[in-house]
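Colleague: Could you take me through this model and tell me, for each term you use, what makes it apply?

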Amino acid sequence: MKTVGESLRHHLHALKSGIPRSTFESNQLIIQSSKHGLLRQARHLFDQMPERNVFSWNAIISAYVKARNLEEAETLFSNSEWKDTVTYNSMLSGYVSADGYERKAMDLFIHMRSEDGVVRADEFTLTTMLNLSAKLSQASYGKQLHSLMAKSGNDVSGFAVSSLIDMYSKCRCFSDARTVFDGCGSEIDLVAVNAMVAACCRVGEMDLALGLLWRETELNDAVTWNTVISGFVQTGCETDALKLSVRMMECGFRWNEHTFASVLSACSGLKCLKLGKAVHARVLIENVSSNPYVTSGIVDVYCKCGHMKNAELAYAHVAKGMGNVFAITSMIVGYSTQGSMAEARRLFDSLVDKSSVAWTALFSGYLKSEQYEGLFELVREFIATEASACDALMLINFLRACAIQATIDPGKQIHAYTLRFSMKAGKKLISAMVDMYSKCGNITYAENLFREASNEDTVLYNIMIAGYAHHGHEGEAFRLFEQMLERGMRPDPATFVAVLSACRHAGLVETGERYFASMTKDYSVEPEIDHYVCMTDLYGRANQLDKAVTFLKNVPVELDAAIWGVFMHACKLNRNVELALRAEQKLLEIDPGNGARYVQLANVYASEGRWSEMGRVRKNMRVKEAKKHAGCSWVHLENNVHVFTSGDTSHLRSEDISAILACLTKEVHYRRHIIKTA
């Protein structure tokens, strides 16, 4: 048997010697050359052929399609002297499998249909177009193809049935997919079963998928088992997935790379380190660690379980081999979760093609660790380098950071970014933008977005009510609450936190009491700590400390540091040192290591001139070694975040800033002196 190289050399020698080769032999050489990746040699053979037939054209066009060189395939297709169904099918499959060629696939199919009588669409043609319908989620077009298949008798084979099931399920028409499957009757083959099982898993119909698995066990193969196991993992039923993987072995099916990947994903979801280690050992025994999904699954298990040392060792083993991007992404997620942002950023920068998972992990990590400067820098990098629209979760995380820092300019940039890319803003993204504008001080922008929102829900109303409360628009907050009720929305605990906040900011004691009572009476919402904090603060601000004391005595849950802290603040406002003394013991028992509590108590005594008591508290703070976090401020200026911490002089322009501050302080003192002497 001659090798491809020997055949090519023999052919070239024959050409030089003037010995003609038959068209059949040349066609076979073209096919063999393209199969072995020798596209340039295949094209040379094609160009040297004195005579070509339809098989010649089909062979070279198919070679370019498989090499994903659709431009050259198009040129050959246009110049082809011979075209049959295979020629059209080759181009259609190339268009459908590539991104950005969907319109060309549709046009070519329409042209093919217009040539009916010369070139006929067969089962492969129609199933290829079904794949396009699934890709575009165009159920109406898929149904037209189904009708055409039924008329032409191309809907009876297992391949056709599986393609129809796949199309309907991906177009969110599960009932139609089930109708197709049920219509097969007793003539069900393995391909159709697997397609239906995948459709069930896609929509979370796991009981039906499991029923198909057990209905005719002789039809099952490893694909069937793996599909159901993966379906359980994707629907959050990791324990069921693990049980089924054990049953798979008991039924005589060996685990493959797909099984291991799903089982490892289940271990990650359960954060079960012991089981993850056992599966890792099994991977090494079965010698499947070269699969990128399996190796990244191992790394992911250790990362999710918080064992970064094990994850690093597993990753080091991967890096010596191929260093796949899946494992790197898992490490980025792991480091970000642990707050090790320097390591996460180092790995992130090593990626050539950065996935949305990697971007989102880094965004979340910076946000969780409150490293906002790194977060804003990452956003600027994304906007500058990524051509595609940003993942909505990343934008939501970034908007949360803007809201926390009350930094409106970057938030506006993200808003503009969504408009530029014509992104469909879902409920969560709109809510995040409204929240950002509200907390950044621009209640007007928040109002405009709220009014334009088409998907109003309880969360969005809660954010807007809270926004009105914080901006002193209590009347608007109450009006919006009533509007919410009129539209049939049921208030939740967060709704009443927002409403009670409006009451405490305005000092409306009776209104607050009425809303607090209606929580359980009218809406069956049980009060939580945040509601008790609001009411305690409301009484304190209204100089009704006696009501606050009575209220706290009747609170049915254990009082935490937040409530006692608010109560102590109320004592300070009402200049009641005796009650502050009673709160002191409770507060310091609950939160002894928080220096802020000691400072708060010391300030109460200082406001009344009780310096000995203040000294005692300060001394107690030193004995307990309680730490108070230094005050910290952020200023967003010229696309940079400037961080200022109390007592820190590390800023590059700290001397200039101190000089300006000294000038301002001097000016303030001067103006005060002028006012006093006037």
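Colleague: What makes α16 stand out in the lining of the largest pocket?

Modeller: In this predicted model α16 gives the most to that lining, with seven residues, where a helix is a DSSP run (H or I, at least four residues) numbered from the N terminus. A pocket is an open set of points on a 1 Å grid, where a 1.4 Å probe fits, with protein on both sides within 12 Å along at least five of seven lines, and lining residues have an atom within 4 Å of a point. Residues are numbered from 1 along each chain. Because the model is predicted, local features need pLDDT of at least 70 and side-chain atom pairs 80 or more, while totals for linings use all residues, and side-chain values use heavy atoms, without hydrogens and water.

Colleague: Why is the pair of Tyr 95 and Tyr 101 called stacked?

Modeller: Rings pair if their centres lie within 6.5 Å, and planes under 30 degrees apart count as stacked, over 60 as edge-to-face and the rest as tilted. The centres of Tyr 95 and Tyr 101 are 5.7 Å apart and their planes are at 20°, so the pair is stacked. Both Tyr 95 and Tyr 101 are buried, that is, under 20% relative accessible area.

Colleague: What makes Trp 564 and Phe 567 an edge-to-face pair?

Modeller: Their centres are 6.0 Å apart with 80° between the planes, and they are separated by about one helical turn because they are three residues apart in helix α34.

Colleague: How do you know that Arg 52 lies over the face of Phe 46?

Modeller: A charge counts as over a ring if CZ of Arg is within 6 Å of the ring centre and within 35 degrees of the ring normal; Arg 52 is at 4.2 Å from the ring centre of Phe 46 and lies over its face.

Key
Helices (H or I, at least four residues) and strands (E, at least two) are DSSP runs, numbered from the N terminus. Buried means under 20% relative accessible area, exposed over 50%, partly exposed in between (1.4 Å probe, protein chains only).
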